[in-house]
Amino acid sequence: MAKSLRSKWKRKMRAEKRKKNAPKELNRLKNILKVGSDVLMKDVEEIATVVVPKHCQEKTQSVVNDEKDDMKMETEIKRNKKTLLDQHGQYPVWMNQRQRKRLKAKREKGKGKSKAKAAKAAKGLAW
């Protein structure tokens with residue numbers, strides 16, 4: 001529902017405010033960590049997002065990559081470009097009901113023509 005001009009403006013201003021206040025929050029967080037060296041990371045996680053340093057990420061990624069190789073899943077969806085249906089006959093999530101109805105009517109109309117042409121051809125050959 002939040003698509004009105006007012007809500008868009010408010011969202012934009014909140015984002016700018018976050019940008020403006022980010023350095024102050026970071027300095028405050030650094031000061032807290034300097035003063036109390038006994039501060040637990042769990043307390044810090046409530047205030048800010050904790051990011052793992054790069055040298056630690058490399059070690060953990062090698063372990064995670066081994067696990068990912070074992071459990072590969074096929075997540076690619078095969079979709080017909082003309083009808084936009086996937087292999088299970090489902091439309092994309094972003095498509096609304098009106099568009100689905102329109103495409104379905106178009107598909108049904110196409111099926112009816114082929115039957116009508118076959119009937120006419122048979123009729124012509126009958127006499």
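Predicted model: local features only at pLDDT ≥ 70, side-chain atom pairs only at ≥ 80, totals over all residues.
I started with the fold: the protein has 4 helices and 0 strands, reading α-α-α-α from the N terminus. Helices here are DSSP runs of H or I with at least four residues, strands are E runs of at least two, and both are numbered from the N terminus.

Residues are numbered from 1 along each chain as its sequence is written, and side-chain values use heavy atoms, with hydrogens and water left out.

Next I looked up burial. Of the 127 residues, 8% count as buried (under 20% relative accessible area; exposed is over 50%, partly exposed in between; 1.4 Å probe, protein chains only).

Then contacts (heavy atoms within 4.5 Å). Among those with a separation of 6 or more, 3% come from residues 24 or more positions apart.

I also checked Leu 84, which sits in the loop between helix H3 (54-70) and helix H4 (97-126). Leu 84 has a positive phi of about 65° although it is not a glycine. Leu 84 is partly exposed, at 24% relative accessible area.
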